[in-house]
Amino acid sequence: MYVSARKITAANGRMEDATAFATMLTQRINEKLGSDLGLAVEVGGDPNVLWLNGRWDSLGDFQKFNEGFYADPQLVAAAAITDSVASVTSDQINRMHRAPGDRNAYAVVSRGRIQMENFISAMAFMEELAELATSVGGVETGIALPVTGDRYEAIFVQFAASMQELQDLDEKLFASEDYLAMFAKASQYMESRFDSVFAQRII
């Protein structure tokens, strides 16, 4: 499975307008093209950012969606209107190396970076870490690897019904001696960077 992620940044003071318009447009796109795009805002991150996400069984499916979108003049024209309230600041395509659970109201997205010289070993380490996190926390931990962008980035994804559930999950993991021991090995495979943000689902 593949995930497309489009970062949309609202113009200064226009986040409410950008969110309303992006919600309407995303719903319209899903209705016309039969897609299942999701829209989310960051919580505890950039207050002016929206994320438009799509899940695709193959890149061929994503290509077909894009072709359908650009062949529809009404959708293209509607998307162009967003320039007055927001701008697209980045696009990324990721391959799901390990699938997370079903979408929920909230997600925590954590990003790290693999050491170039230990890339192959790091893949096995991340898989083992995700399996342990799933076992200890009771929530499926997904791993996404970029197809475009920084190819050494690693993205971990977990879904929950609330921010408190995400925090409870975090506390459960770091109360586990097994998880702490595994996490301590990360410096052998990963750079010393690990950023997390909550995402609140709108659609």
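Q: Why does Phe62 count as buried in this model?
A: The model is predicted, and in it Phe62 has 15% relative accessibility. Buried means under 20%, so Phe62 counts as buried.

Q: What makes the pair of Trp56 and Phe62 tilted?
A: The planes of the two rings stand at 35°. Planes under 30 degrees apart would be stacked and planes over 60 edge-to-face, with the rest tilted, so the pair of Trp56 and Phe62 is tilted. The ring centres are 5.1 Å apart, and a pair needs centres within 6.5 Å.

Q: Is Trp56 buried or exposed?
A: Trp56 has 8% relative accessibility. The cut-off for buried is under 20%, so Trp56 counts as buried.

Q: What makes the pair of Phe69 and Tyr70 edge-to-face?
A: The angle between the planes of Phe69 and Tyr70 is 85°, and edge-to-face applies over 60 degrees. The distance from centre to centre is 5.0 Å.

Q: Which of these counts as buried or exposed, Phe69 and Tyr70?
A: Phe69, at 12% relative accessibility, counts as buried, since buried means under 20%. Tyr70, at 57%, counts as exposed, because exposed means over 50%.

Q: How many aromatic pairs does the structure hold, and which residues do ring pairs link into a cluster?
A: The structure holds 10 aromatic pairs. The cluster linked by ring pairs consists of Phe156, Phe174, Tyr179, Phe183 and Phe194.

Q: Why are helix 4 and helix 5 called roughly perpendicular?
A: Helix 4 (residues 119-137) and helix 5 (residues 163-173) pack at an angle of about 110°. The range for roughly perpendicular is 65 to 115 degrees, and the two helices are therefore roughly perpendicular to each other. Their axes are 9 Å apart.

Q: Which residues make the contact of helix 4 and helix 5?
A: Helix 4 contributes Ala133, Val136 and Gly137, and helix 5 contributes Leu169, Lys172 and Leu173. By class, the contact has 4 nonpolar, 1 polar and 1 charged residues. Gly counts as polar and Lys as charged.

Q: What is the order of the strands in the barrel?
A: The barrel is closed by 8 strands in the order 1-3-2-8-5-7-6-4, with antiparallel pairing. Neighbouring strands of this sheet are turned by 35° against each other on average, direction ignored.

Q: Which strands does helix 4 touch, and which does helix 5 touch?
A: Helix 4 packs on the sheet against strand 4, strand 5 (106-114), strand 6, strand 7 (153-160) and strand 8 (190-201), and its direction makes about 85° with that of strand 4. Helix 5 packs on the sheet against strand 2 (38-43), strand 5, strand 7 and strand 8, and its direction makes about 120° with that of strand 7.

Q: How many bridges join strand 4 to strand 1 and to strand 6?
A: Strand 1 (residues 2-10) and strand 4 are joined by 9 bridges and run antiparallel. Strand 4 and strand 6 (residues 142-146) are joined by 4 bridges and also run antiparallel. Two strands pair on at least two bridges. Between strand 1 and strand 4, Ala5 stands opposite Gln92. In strand 6, Leu145 is the bridge partner of Arg95, and Ala144 stands opposite Met96.

Q: Why does Asn94 count as buried?
A: Asn94 lies in strand 4 (residues 86-98). Its relative accessibility is 5%, and buried means under 20%, so Asn94 counts as buried. Not counting residues up to four places away in sequence, Asn94 touches Met1, Tyr2, Val3, Ala144, Leu145, Pro146, Val147 and Ile155.

Technical notes:
Residues are numbered from 1 along each chain as its sequence is written. This is a predicted model: local features need pLDDT of at least 70, side-chain atom pairs count only at pLDDT 80 or more; totals for chains, interfaces and linings use all residues. Side-chain values use heavy atoms; hydrogens and water are left out. Buried means under 20% relative accessible area, exposed over 50%, partly exposed in between (1.4 Å probe, protein chains only). Contact means heavy atoms within 4.5 Å. Axes are lines fitted to C-alpha atoms, for helices over the stretch in contact, and angles run from 0 to 180 degrees between N-to-C directions. Angles under 35 degrees count as roughly parallel, over 145 as roughly antiparallel, 65 to 115 as roughly perpendicular and the rest as oblique. Rings of Phe, Tyr and Trp (its six-membered ring) pair if their centres lie within 6.5 Å; planes under 30 degrees apart count as stacked, over 60 as edge-to-face and the rest as tilted.
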